[in-house]
Amino acid sequence: MRSFNFAAEAEKVNPLIPHTAELVVGAIAFTLLFLVLRKAVVPMFEKAFTARTEAIEGGIERAEKAQLEAQRALVQYNEQLSSAQGEASKLREEARIQGATILEELRTKAQEEAARITATAHASIEAERQQAITSLRNEVGALAVELASKIVGEALDDQARQSRIVERFIEDLEKSK
Amino acid sequence: MRALANLHAAGAGFVPPSTNDFNLPPISDSVAWLTKPVLLVFLSVIVVSTFFVLSSRKAAVVPSRLQFAGESVYAFVRNDLARDVIGHDFMRFVPYLFTLFTFVLTNNIFGIVPLLQFPAMSHVGFPYVLAIFSFLVFHYVGIRKQGLGKYLKEIAFMPGVPLPVYILLTPIELATFFIVRPLTLSLRLFANMFAGHLLLLVFIMGGDYMMHDSHLIMKLFSPFSFAFGIALTFFEFMVQCLQAYIFTLLTALYIAGALADEH
């Protein structure tokens with residue numbers, strides 16, 4: 001080790017031989033710096049790094065969660081939509097069927113009514129006819145009596161003609177009947 | 001050229017800077033060990049710790065300007081040196097590598113900081129200390145990881161080599177691990193800082209000498225010497241950063257090698 005002898009300025013010093021003091025100072029200084037940096041600096045920076053990583057990862061996680069939620073909402077919405085559509089089509093179908101039934105019912109009812117009316121009409125017509133026949137008979141009888149009396153009242157000169165008249169009359173009556 | 005040579009011969013002559021220019025006298029005669037490089041080393045400790053303590057004190061997720069500056073340096077050592085080189089379990093070595101890098105870098109840069117202008121690492125004692133620390137760290141790590149016997153065996157007898165080759169390989173490997181590595185680590189740093197400072201001295205002192213020379217030609221050429229000195233200062237800055245990086249990188253590599261199961 002070289003000592004500090006600066007009086008001999010001209011003396012050639014070997015730069016590869018260290019000063020003892022510098023070795024000691026170097027070791028102390030480096031150790032001091034090491035202790036300070038390890039104790040006060042590295043943990044603080046590491047803490048900031050961890051916090052930053054967490055903040056970034058937390059942000060990503062939050063975004064992922066939001067996306068998941070949105071997807072779930074979309075699925076739910078789609079489900080609701082399709083179920084609503086199904087419901088609507090079911091209702092429509094039901095309504096159609098119901099409408100058809102009602103229509104069918106109405107038609108049957110109308111037909112029945114028509115049949116009933118027709119039947120009533122027929123019946124009344126028949127009754128009226130019967131009534132007409134009856135009244136006609138009575139009338140014809142009266143007429144016949146009237147006629148007979150007329151004929152009888154008249155001179156029965158032509159026996160044969162008279163009998164023909166009566167016969168024709170009867171015949172006509174028969175025919176008209 | 002001849003005129004210049006004659007001038008040198010005639011006048012008092014230019015005394016080129018030598019190793020003696022690195023041998024600075026103590027600041028006070030009563031304390032022999034307190035020299036400029038010793039003071040600079042202590043100053044570097046104060047500067048580095050103050051800067052990083054201040055920048056990391058209120059370390060937040062969103063960094064302030066100061067925190068960003070400190071953090072960038074820290075992240076560089078942590079991620080680009082420690083993590084990328086050592087890999088798994090690198091955090092154990094981050095404080096050491098971080099101290100190494102900032103300590104060497106600051107002391108190197110002191111070489112071109114006005115008024116300070118002396119790289120402490122050009123005094124071989126400091127690089128020796130750092131190399132010894134790195135030497136102890138990487139051997140300690142290797143021994144802790146693999147056990148003393150296995151660690152030495154792995155170094156001396158590299159597996160997968162034919163037997164006769166060991167005659168050649170074993171001495172080389174042993175020398176590499178125990179002599180060459182610490183020696184090159186310290187001497188590389190020392191020599192770069194020493195030579196760089198010497199180079200600056202040559203051009204600045206040379207320019208000064210020429211400026212004060214009585215001859216006009218010498219005076220005219222003096223600015224070129226100064227200009228070259230300034231250009232070299234920039235170059236020195238690059239070398240200073242590079243040497244701090246290399247010292248730290250090699251230490252990280254040695255640690256990674258000691259941690260690896262097979263090298």
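Modeller: Happy to! Helix α4 (residues 94-109) of chain B and helix α8 (residues 216-259) of chain B have axes that come within 8 Å and cross at roughly 160°. That makes α4(B) roughly antiparallel to α8(B), a term for angles over 145 degrees, whereas those under 35 degrees count as roughly parallel. Axes here are lines fitted to C-alpha atoms, for helices over the stretch in contact, and angles run from 0 to 180 degrees between N-to-C directions. Helices are DSSP runs (H or I, at least four residues), numbered from the N terminus.

This is a predicted model, in which local features need pLDDT of at least 70, side-chain atom pairs count only at pLDDT 80 or more, and totals for chains, interfaces and linings use all residues. Residues are numbered from 1 along each chain as its sequence is written, with chains lettered from A and ligands numbered from 1 in the order in which they are written.

Back to the pair: the contact (C-beta atoms, placed from the backbone, within 7 Å) includes Leu97(B), Phe101(B) and Val104(B) of α4(B) and Ala244(B), Phe247(B) and Thr251(B) of α8(B).

Now the other neighbour. The axes of helix α5 (residues 125-146) of chain B and α8(B) also come within 8 Å, crossing at roughly 20°. That makes α5(B) roughly parallel to α8(B). Among the residues making this contact are Leu130(B), Val137(B) and Phe138(B) of α5(B), with Phe247(B), Thr251(B) and Tyr254(B) on α8(B).

Definitions and conventions:
Helices (H or I, at least four residues) and strands (E, at least two) are DSSP runs, numbered from the N terminus. Angles under 35 degrees count as roughly parallel, over 145 as roughly antiparallel, 65 to 115 as roughly perpendicular and the rest as oblique. Two residues are in contact if their C-beta atoms, placed from the backbone, lie within 7 Å.
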